[in-house]
Amino acid sequence: MPFLTRLADVARRTGYPVTEVSGWRERGHGPQPEVQGIVCHHTAGPAGGGDYPSLAVVRDGRPGLDGPLSHFGLGRSGHIYVIAAGRCWHNAPSTSDFHTNSRSLGIEAENDGSQPWPAEQLDAYRKLCAELCREFGLPASRVKAHREVNTSKPDPHSIDMDDFRAAVAALVDGQPAPGGGGAGPSWTEDIVKQLPLIRRGDDNFDVKTVRGCLFARGRVPRAAYAEVADGLEGWLNSTVYDDQLVELVREFQRSEGLDADGEVGPQTWPPLLRL
Ligand SMILES: [Zn+2]
């Protein structure tokens, strides 16, 4: 499956040191379907403990929420940790259509939630956002604080996001595009070429992608997971393409004007992934 395996190269363009966390190229809740936004977080990790003590949590998750939780970690020194190339559980539910888990990248910056931000960490934060905007062709306005796209979140604390975005915009405008500019990467085309056919009875990781996309599109009624162990998380994590999921896909296909065969193939993947 296509994962965003250029992320480490993008991070290195900031000039800050980059650690590629082992396994990052294959890590994710399925592939990253789209990149339409960037969500900035703080880890709410310990006040001490070195440069990036939250690494294991962001990579592996916490009770009730499987990792990876974000694509990038950002240490107190500005050191960037590349953690995942696939989709991450960092913002749900999103109040912005561009900043759902299926459509955005997450950056988890080390901070306990109240301590002052080191200057080099903030500088790296802006530069990483700027490089991601350039890579994915996004305006700086698509860089959001978690608290701006999720009403129950406070992070990242005390950063004026208008100032932050202005700085990102200046960085994006002030630097030549890598390789002399031109078209961005063709990763969406790669996704379409490599998408599997999913049928009733299948049991594999791609089924989780179908579940996640349906949920992101608002096509999963609460009743569907009301009786599942662990509720929505349990439902999203099931790798089985069962009768209930077939029916939900059929409903999605009908609403998209497609043949409602209940199979996820070349006709159904693009609207599901919004390619
Ligand atoms: Zn957050």
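Let's start in a loop: Glu34 sits between strand E1 (18-20) and strand E2 (37-42). Those labels are DSSP runs numbered from the N terminus, where helices are H or I runs of at least four residues and strands are E runs of at least two. Keep in mind that this is a predicted model: local features need pLDDT of at least 70, side-chain atom pairs count only at pLDDT 80 or more, and totals for chains, interfaces and linings use all residues. Residues are numbered from 1 along each chain as its sequence is written.

Is Glu34 buried or exposed? Glu34 is buried, because 20 other C-beta atoms lie within 10 Å. The cut-offs are simple: 20 or more other C-beta atoms within 10 Å of a residue's own makes it buried, 12 or fewer makes it exposed, and anything in between is partly exposed, with C-beta atoms placed from the backbone. Setting aside neighbours within four places in sequence, Glu34 is in contact with Ser102, Arg103, Leu273 and Arg274. Here, contact means that the C-beta atoms of two residues, placed from the backbone, lie within 7 Å. The C-alpha atom of Glu34 is also 9.7 Å from that of Thr100, which is 66 residues away along the chain.

### The whole protein

Now zoom out. The protein has eleven helices and eight strands. Its radius of gyration is 19 Å, close to the 19 Å that the globule rule gives for 275 residues, so the protein is as compact as a globular protein of that length. (The radius is taken over C-alpha atoms, and the rule is 2.2 Å times the number of residues to the power 0.38.) Along its principal axes, the C-alpha trace spans about 55 × 45 × 35 Å. Of the 275 residues, 43% count as buried. Looking at contacts with a separation of 6 or more, 73% are between residues 24 or more positions apart.

The domain assignment, which is automatic or from a database, gives domain 1 (7-180) and domain 2 (195-273). Twelve residues from domain 1 and ten residues from domain 2 make up the contact. The C-alpha centres of the two domains lie 28 Å apart.

### The six-stranded sheet

What is the order of the strands in the open sheet? Six strands line up as E1-E6-E5-E7-E2-E8, and the pairing is mixed. E1 and strand E8 (143-145) stand at the edges with a single partner strand each, so one side of each has no neighbour in the sheet. On average, neighbouring strands are turned by 25° against each other, direction ignored. Helix H3 (residues 119-136) packs on this sheet and touches E2, E5, strand E6 (80-82), E7 and E8, with its direction at about 155° to that of E5. Such angles run from 0 to 180 degrees between N-to-C directions, and the axes are lines fitted to C-alpha atoms, for helices over the stretch in contact.

Strand E7 (residues 104-109) is mostly covered, with six of its six residues buried. In a regular strand the side chains alternate between the two faces of the sheet. In E7, Ser104, Gly106 and Glu108 point one way, while Leu105, Ile107 and Ala109 point the other way.

Two strands count as paired if DSSP finds at least two bridges between them. E7 runs parallel to E2, joined by six bridges, and one of the partners is Cys40, which bridges to Ile107 of E7. Strand E5 (residues 72-74) also pairs with E7 in the parallel sense, over three bridges. There, Gly73 has Glu108 of E7 as its bridge partner.

### Thr14 and some loop details

Thr14 belongs to the loop between helix H1 (7-12) and E1. Why does Thr14 count as buried? Because Thr14 has 21 C-beta neighbours inside 10 Å. Beyond four places in sequence, the contacts of Thr14 are Ile80, Ala124, Lys127, Leu128 and Glu131. Thr14 and Ala124 are 110 residues apart along the chain, yet their C-alpha atoms are separated by 6.9 Å.

| Residues joined | Omega | Loop holding the proline |
|---|---|---|
| Gly67 and Pro68 | about 0° | Pro68: between strand E4 (65-66) and E5 |
| Asp155 and Pro156 | about -5° | Pro156: between helix H4 (146-149) and helix H5 (161-174) |

The loop between H4 and H5 also holds Ser158. Phi of Ser158 is near 65°, a positive value in a residue other than glycine. With 13 other C-beta atoms within 10 Å, Ser158 is partly exposed.
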